[in-house]
Amino acid sequence: VQLQASGGGLVQPGGSLRLSCAASGLTFSGRVLAWFRQAPGKEREFVAVISQGGGQTIYADSVKGRFTISRDNAKNAVYLQMSRLTFADTAVYYCGARQSSVWHVATVTSANKYNHWGQGTLVTVSS
C-alpha cells in the first residue's frame, strides 16, 4: 500500500497550489480521505477531510474559505486546492485514508484515526 502525495513547492504569499494524492494497492472508494499538515517543531494538524462520496467536507478554521478538498474515486485520488496562501501554511502536507467510511467529526479530524499515510509533500510559502 502506498499513498503518493505531490504538488508541493515554493510559492509566494497570496499564491495557489494544488496538491494531489494517489494510491496504489489501496482503493480510495468507500474511505474517508483527509489532508493534514505538520510544520517544523509542531504536531501534525488537521486541514481538511472529505467523506467517501464527496458530499461532506470539514475544514480547519485556519484554511476555511481558502482551501478546497475534492476526490475522484475513478482515479483513486484526492486533491487539495490551496489559495491565498500565507506564511502560516508552510508545512509538510500529508494525505491520509481511513479504514472505514464512518463519518464522525471528532474521528475524521483526528490524525491517529487514519490507517494509511502518504509520504508528505512540502509546501513553502515565502517571499
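Analyst: Strands here are DSSP runs of E with at least two residues, helices being runs of H or I with at least four, and both are numbered from the N terminus. The model is predicted: local features need pLDDT of at least 70, side-chain atom pairs count only at pLDDT 80 or more, and totals for chains, interfaces and linings use all residues. Residues are numbered from 1 along each chain as its sequence is written, and side-chain values use heavy atoms, with hydrogens and water left out.

Strand β1 runs antiparallel to β3 (residues 17-24), and five bridges join them; strands pair if DSSP finds at least two bridges between them. Gln 2 has Ser 24 as its bridge partner in β3.

Turning to the loops, Asn 76 lies between β7 (67-72) and β8 (77-82). Its phi is near 55°, a positive value in a residue other than glycine. Asn 76 counts as buried because its relative accessibility is 15%, where buried means under 20% relative accessible area, exposed over 50% and partly exposed in between (1.4 Å probe, protein chains only). Arg 84, in the loop between β8 and β9 (91-97), also has a positive phi, near 50°. At 49% relative accessibility, Arg 84 is partly exposed.
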